[in-house]
Amino acid sequence: MACQGLQSGETLASLKKESDSLKKKLEEERGKLNDIELHQVAEKVEMLGALSIKTKRLLKGHGNKVLCMDWCKDKRRLVSSSQDGKVIVWDAFTLNKEHGVTLPCTWVMACAYAPSGCAVACGGLDNKCSVFPLSLDKNENLSAKKKAVAMHTNYVSGCTFTNSDMQLLTSSGDGTCALWDVESGQLLQSFHGHTADVLSLDLAPSETGNTFVSGGSDKKANVWDMRSGQNIQSFESHESDINCVKYYPSGDAFASASDDSTCRFYDLRADREVAVYQKDSVIFGASTVDFSLSGRLLFAGYNDYTINVWDVLKGTRVSVLFGHENRVSRVRVSPDGTALCSASWDNTLRIWA
Amino acid sequence: MSGMMCSSNSVVQAQKLVDQLRLEANMERIKISLTAADLVRYCQDHRRSDPLLTGIAASSNPFKDKKTCVLL
């Protein structure tokens with residue numbers, strides 16, 4: 001038995017040596033491609049003019065911090081969830097509240113609209129992600145039709161339907177992401193690799209295939225193959241938790257928002273970070289990011305109650321959106337790109353256009 | 001690292017890390033000068049259909065009508 005222990009020790013040492021040399025090799029390989037900076041390539045691109053984006057709607061109705069929101073594909077409805085367990089479906093044009101459900105748990109950190117527009121998914125401290133069909137009958141009790149789909153061993157931080165209402169992808173404080181069959185609740189695939197809470201995920205635009213990106217408290221952003229469960233790429237350049245990740249519209253890159261007060265842009269084909277969006281005056285953590293339709297603008301919500309608008313290509317800040325009276329927890333551009341919705345700890349949502 | 005169980009667990013983990021790193025090291029990467037040009041091209045190709053970037057007329061933006069906020 002003594003010699004077995006010795007063997008393990010030797011193997012461990014040689015494995016450590018190999019992993020160290022591989023890490024070094026990765027750094028070298030990535031460094032070789034760094035022949036130019038993104039903002040240099042973008043030098044000949046015209047400067048952006050002043051943006052005239054203002055609050056056009058104020059959605060009041062939540063009694064507590066709004067933690068998440070998602071647009072419906074019809075470009076006018078949206079779902080939002082809050083700390084007090086309430087999930088509300090709104091018509092953003094009319095400000096009409098179409099549906100309201102109260103979950104038995106607090107901190108509903110994740111909510112998503114189904115592609116059909118006929119259901120919403122939400123989850124949080126209950127460690128589950130449940131799906132509710134949206135009924136046209138206002139009197140129907142939605143809570144009764146709730147179906148628990150995802151079961152994690154810690155809080156659910158993010159959820160999204162895949163290309164249909166049939167599958168749900170979730171991220172969790174238990175350090176994993178998982179793909180579920182909505183109808184049966186069956187776990188189809190689980191994704192292991194993060195060494196701490198996974199705080200966010202985003203599905204690649206449908207044209208680019210079956211991958212998604214996740215970000216977590218381990219400061220890493222991982223790209224996954226949905227079918228095999230394999231972690232295909234990993235990025236570690238943030239200095240603190242990654243709160244949000246979002247794909248660039250072409251699917252060839254993604255952005256991240258972190259507690260280190262920066263947002264970063266990663267090129268998937270070059271396999272490296274290509275831009276850092278930061279300013280000395282921006283010292284509060286960034287919690288959420290989303291791109292405008294063309295990918296030129298990056299909207300980022302911060303803990304200092306503001307939304308900074310960054311020029312993705314040139315790396316400069318274009319605008320600051322003021323209005324919220326507490327942390328901005330989520331920003332999402334509408335499906336047709338006409339508006340930005342922001343959710344905040346000030347209990348409201350704002351529509352900017 | 002006293003127990004045998006402890007050692008084999010760490011070995012399994014270390015092996016997983018090495019396998020993962022091998023996979024990542026073997027990835028085919030493309031120079032930034034090429035990939036960045038594609039990112040820029042995407043922005044330029046789609047800039048005219050980006051309402052928040054170009055700003056669209058109040059008449060075609062459903063959110064831009066002159067409606068007062070209703071406190072519900």
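In this predicted model, chain A exposes about 14000 Å² of surface, and carbon and sulfur atoms supply 48% of that area. Turning from the surface to the interior, buried residues make up 58% of the 353 residues in chain A.

The secondary structure of chain A comprises two helices and 28 strands. Among the contacts in this chain between residues at least 6 apart in sequence, 45% join residues that are at least 24 apart. As for overall dimensions, the C-alpha trace of chain A spans about 70 × 55 × 35 Å along its principal axes. Because a compact globule with 353 residues would have a radius of gyration near 20 Å, the 21 Å found for chain A agrees with that expectation.

The charged side chains of chain A number 39 positive and 43 negative, and the centres of the two sets lie 4 Å apart.

The largest nonpolar core holds 30 residues, and those that touch the most other members are A:L38, A:Y248, A:C263, A:F265, A:Y277, A:V289 and A:L298. Elements of both chain A and chain B give two or more residues to this core, and the largest share, five residues, comes from α2(B). The table lists these contributing elements with their residue ranges.

| Element | Chain | Residues |
|---|---|---|
| α2 | chain A | residues 38–41 |
| β19 | chain A | residues 253–258 |
| β20 | chain A | residues 263–267 |
| β21 | chain A | residues 272–277 |
| β22 | chain A | residues 286–291 |
| β23 | chain A | residues 297–302 |
| α2 | chain B | residues 32–46 |

Note on methods:
Residues are numbered from 1 along each chain as its sequence is written. Chains are lettered from A and ligands numbered from 1 in the order in which they are written. This is a predicted model: local features need pLDDT of at least 70, side-chain atom pairs count only at pLDDT 80 or more; totals for chains, interfaces and linings use all residues. Side-chain values use heavy atoms; hydrogens and water are left out. Helices (H or I, at least four residues) and strands (E, at least two) are DSSP runs, numbered from the N terminus. The radius of gyration is taken over C-alpha atoms; the globule rule is 2.2 Å times the number of residues to the power 0.38. Buried means under 20% relative accessible area, exposed over 50%, partly exposed in between (1.4 Å probe, protein chains only). Contact means heavy atoms within 4.5 Å. Accessible areas come from the Shrake-Rupley method with a 1.4 Å probe; for residues, only the protein chains shown count as cover. Lys and Arg count as positive and Asp and Glu as negative; His and the chain ends are not counted. The place of a charge is taken as NZ of Lys, CZ of Arg, CG of Asp or CD of Glu. A nonpolar core is a set of buried Ala, Val, Leu, Ile, Met, Phe, Trp, Tyr and Cys residues joined through side-chain atoms within 4.5 Å.
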